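This briefing describes how one protein chain is put together. Please have the sequence and the 3D view open while reading.

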Amino acid sequence: MEHVGMLCVEQCGSCRKGERVSGQEWVTTAVLLICAGTDLCNRKVYRWIVMLYLGLAMAGYLATGMPGGMSWFVADLLPGAFCLLLAWTTHQGIGYGDAMLILACGLSVGWKACIGMGLTAFFLAGVAASVRLIRHRGKKKELPFVPFLLVAWVWQLLCGV
């Protein structure tokens with residue numbers, strides 16, 4: 001079993017060749033925990049935390065020699081780019097901090113895991129928003145999004161999805 005950076009170089013028992021390994025998962029979990037806490041308490045995702053995480057993800061990506069080439073790099077950025085576009089078109093219905101965090105997660109954990117996490121988080125947020133609308137009789141209130149990303153990420157890790 002040989003791992004270089006974030007990637008498994010040869011097939012081993014815990015992962016497949018070219019698959020990302022657990023060190024990056026721990027970093028992602030830690031960043032999501034910190035950002036979920038600040039989003040719940042302050043209704044804010046601090047950009048300096050997200051930019052640090054993005055820098056670490058970019059450095060890890062470059063250190064491994066950009067596995068998959070430029071096409072995989074662009075693919076890993078697409079979920080976050082879509083969320084940035086969504087933030088811009090909805091006048092921050094989803095905040096720029098949330099979108100930047102998803103962009104960094106794409107580089108860190110890959111586009112497949114990021115899309116799964118994002119779709120699960122959007123579903124969970126939709127359920128929570130529906131319950132909140134019913135309980136508060138139609139009053140619109142903002143929901144922090146990063147805690148849903150965290151729950152989706154932990155679920156993805158535990159279930160191996």
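Are helix 4 and helix 6 roughly parallel or roughly antiparallel to each other? Their axes cross at roughly 20°, and angles under 35 degrees count as roughly parallel, so helix 4 and helix 6 are roughly parallel to each other. The model is predicted. The points below go from the whole chain to single residues.

**The chain as a whole**

- The chain contains 6 helices and 2 strands.
- Read from the N terminus, the order of elements is β-β-α-α-α-α-α-α.
- Out of 161 residues, 40% count as buried.
- Among contacts in the chain with a separation of 6 or more, 59% are between residues 24 or more positions apart.
- The chain has an accessible surface of about 9,400 Å², and carbon and sulfur atoms account for 67% of that surface.

**Helix 4 with helix 6**

- The axes of helix 4 and helix 6 come within 11 Å.
- On the helix 4 side, the contact is made by Asp98, Leu101, Ile102 and Val109.
- On the helix 6 side, Val146, Leu149 and Trp153 take part.
- Sorted by class, the residues of this contact are 6 nonpolar, no polar and 1 charged.

**Helix 4 with helix 5**

- Helix 4 covers residues 96-109 and helix 5 covers residues 111-135.
- Their axes come within 7 Å and cross at roughly 140°.
- That angle makes helix 4 oblique to helix 5, because only angles over 145 degrees count as roughly antiparallel.
- Helix 4 contributes Ile102, Cys105, Gly106 and Val109 to the contact, while helix 5 contributes Trp111, Ala113, Cys114 and Met117.
- The contact of helix 4 with helix 5 has 7 nonpolar residues, 1 polar residue and no charged residues.

**Helix 3 with helix 4**

- Helix 3 and helix 4 pack at about 175°, and their axes are 7 Å apart.
- This angle is why helix 3 and helix 4 are roughly antiparallel to each other.
- From helix 3, the residues in contact are Phe73, Asp76, Leu77, Pro79, Gly80, Ala81, Cys83, Leu84, Ala87 and Trp88.
- They meet Tyr96, Ala99, Met100, Ile102, Leu103, Gly106 and Leu107 of helix 4.
- By class, the contact of helix 3 with helix 4 has 14 nonpolar, 2 polar and 1 charged residues.
- Ala81, a residue of helix 3, is partly exposed, with a relative accessible area of 34%.
- Ala81 and Met100 are 19 residues apart along the chain, and their C-alpha atoms are separated by 8.3 Å.

**The nonpolar core**

- In soluble globular proteins, nonpolar side chains tend to be buried together.
- In this chain, the largest nonpolar core has 36 residues.
- Leu32, Cys35, Leu101, Met117 and Leu149 have the most contacts inside this core.
- Helix 1 (22-42), helix 2 (47-63), helix 3 (69-89), helix 4, helix 5 and helix 6 (146-159) each give two or more residues to the core.
- Which helix gives the most to this core? Helix 4 does, with 9 residues.
- Setting aside residues up to four places away in sequence, Cys35 touches Val45, Ile49, Val50, Leu101 and Val146.

- Leaving out residues up to four places away in sequence, Leu150 touches Thr29, Leu32, Leu33 and Ala36.

- Most residues other than glycine have a negative phi.
- Arg43 has a phi near 55°, which is a positive value in a residue other than glycine.
- Arg43 sits in the loop between helix 1 and helix 2 and counts as partly exposed, at 45% relative accessibility.
- His91 also has a positive phi, near 55°.
- Where is His91 found? His91 is in the loop between helix 3 and helix 4.
- His91 counts as exposed, because its relative accessibility is 72% and exposed means over 50%.

Terms used
Residues numbered from 1 in each chain as written. Predicted model: local features only at pLDDT ≥ 70, side-chain atom pairs only at ≥ 80, totals over all residues. Heavy atoms only, no water. Axes fitted to C-alpha atoms, helices over the stretch in contact; angles between N-to-C directions. Helix = DSSP H or I, 4+ residues; strand = E, 2+ residues; numbered from the N terminus. Parallel < 35°, antiparallel > 145°, perpendicular 65-115°, else oblique. Contact = heavy atoms within 4.5 Å. Nonpolar A, V, L, I, M, F, W, Y, C, P; charged D, E, K, R; others polar. Core = buried A, V, L, I, M, F, W, Y, C linked by side-chain atoms within 4.5 Å. Buried < 20%, exposed > 50% of the residue type's maximum accessible area, 1.4 Å probe, protein only. Areas by Shrake-Rupley, 256 points an atom, 1.4 Å probe, with all protein chains shown as cover.
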